[in-house]
Amino acid sequence: MPPIDVTEQTFETEVLVRSRTLPVVVDFWAEWCGPCRQLAPVLEAAVENRAGEVVLAKLDTDANPGIARAFQIQGIPAVKAFRDGAVVSEFTGALPPAQVDAFLAALLPSEADRLIEAGDEESLRSALALEPGRAEAAVPLARAALAAGDPDGALELLKDVPGSFAADGLRARIELERAGAPDLTAAWAALDSGEIEAALEAMLAAFPSADGQRDALRRAYVGVLDGLGPESPVARDYRRRLAGALY
């Protein structure tokens with residue numbers, strides 16, 4: 001689609017609201033600006049090549065000074081990318097085509113992202129082949145392996161996953177299951193059936209008798225909290241209760 005000319009009156013609808021569906025790239029420009037005229041065809045061609053995955057909007061800063069001030073435009077051309085109503089990336093100046101294309105590419109889901117979104121086993125394995133160590137693919141595959149009675153296969157999937165509380169928590173669960181103490185059978189059964197709060201309660205109750213397994217139990221517990229997400233009130237409550245159990 002061709003670029004959209006936006007104004008102070010249409011900016012919210014055409015940029016902020018629209019960006020909740022597709023990334024919107026806004027080119028802040030002015031008629032007198034030579035570099036703006038250099039960048040415009042490069043940006044338009046790059047967006048056209050994305051075949052509807054990105055929307056290009058153009059805003060004349062002279063005609064719309066309020067928006068320019070609101071987004072602290074100090075030099076033009078200035079390009080800002082919006083997603084979900086907020087600026088997620090930006091650059092200033094007339095960049096060459098390769099850099100403009102890379103800027104747009106970073107706004108869009110990768111092939112691995114699309115496969116993870118699909119969520120089936122074949123897609124997740126394909127995503128992991130594209131991006132080894134990607135937690136969003138490795139963790140659900142490892143959970144499926146563990147549910148199928150293959151803890152070694154689960155650990156193999158998780159071995160190269162860095163910096164993931166969910167992956168570390170699943171590794172800790174396997175460690176605890178193999179150690180056999182403390183008795184967490186009820187916790188794992190609740191977790192596998194989706195009864196998250198019951199699982200967390202059982203894990204909390206196990207801390208006093210965990211002895212040498214307290215760190216593994218903590219990691220498994222934190223992995224469950226991670227799966228709830230940072231905004232979950234349940235996670236906030238049980239994170240506080242974990243501190244009480246540990247200290």
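Which helix gives the most to the lining of the largest pocket? In this predicted model, that element is H12, which contributes five residues to the lining. At least two lining residues are supplied by each of helix H7 (135-147), helix H9 (165-179), helix H10 (185-192) and helix H12 (214-228).

Leu 158 belongs to another helix, H8, which covers residues 151-158. Because its relative accessible area is 0%, and buried means under 20%, Leu 158 counts as buried. When neighbours within four places in sequence are left aside, the contacts of Leu 158 are Ala 138, Val 139, Ala 142, Ala 167, Leu 170 and Arg 171. A separation of 21 Å, by contrast, lies between the C-alpha atoms of Leu 158 and Gly 194, which are 36 residues apart along the chain.

The strands of the model are considered next. Five of them form an open sheet with mixed pairing, in the order S1-S3-S2-S4-S5. S1 and strand S5 (86-92) are the edge strands, since each of them pairs on one side only. Strand S3 is joined to strand S1 (residues 4-5) by two bridges, and these two strands run parallel; here Ile 4 has Ala 57 of S3 as its bridge partner. Strand S2 (residues 24-29) also pairs with S3 in the parallel sense, in this case over six bridges. Within this part of the sheet, Val 24 stands opposite Val 55 in S3, while Asp 27 stands opposite Lys 58 in S3. Five of the six residues of S3 are buried, and the strand is therefore largely enclosed by the rest of the structure.

Thr 61 is found in the loop that lies between strand S3 (55-60) and helix H3 (65-70). Its relative accessibility is 10%, and because buried means under 20%, Thr 61 is counted as buried although it lies in a loop. Apart from neighbours within four places in sequence, Thr 61 is in contact with Phe 28, Trp 29, Ala 30, Ala 68, Ile 73 and Ile 76.

Ile 76 also takes part in a feature of the backbone, for the peptide bond that leads from Ile 76 to Pro 77 is cis, with omega near 0°. Pro 77 is placed in the loop between H3 and strand S4 (78-83), and Gln 72 is found in the loop between H3 and S4 as well. Gln 72 has a positive phi of about 55°, although it is not a glycine. With a relative accessibility of 65%, Gln 72 counts as exposed, because that term applies to values over 50%. A positive phi, here of about 50°, is also found for Asp 211, which is likewise not a glycine. Asp 211 lies in the loop between helix H11 (196-206) and H12, and with a relative accessible area of 61% this residue is exposed.

A disulfide is a covalent bond between the sulfur atoms of two cysteines. The structure holds one such link, formed by Cys 33 and Cys 36, whose sulfur atoms are 2.4 Å apart. The link of Cys 33 and Cys 36 is right-handed, with 85° about the S-S bond. Both partners are buried, Cys 33 as well as Cys 36.

Methods: Residues numbered from 1 in each chain as written. Predicted model: local features only at pLDDT ≥ 70, side-chain atom pairs only at ≥ 80, totals over all residues. Heavy atoms only, no water. Helix = DSSP H or I, 4+ residues; strand = E, 2+ residues; numbered from the N terminus. Buried < 20%, exposed > 50% of the residue type's maximum accessible area, 1.4 Å probe, protein only. Contact = heavy atoms within 4.5 Å. Disulfide = S-S within 2.5 Å. Pairing = 2+ DSSP bridges.
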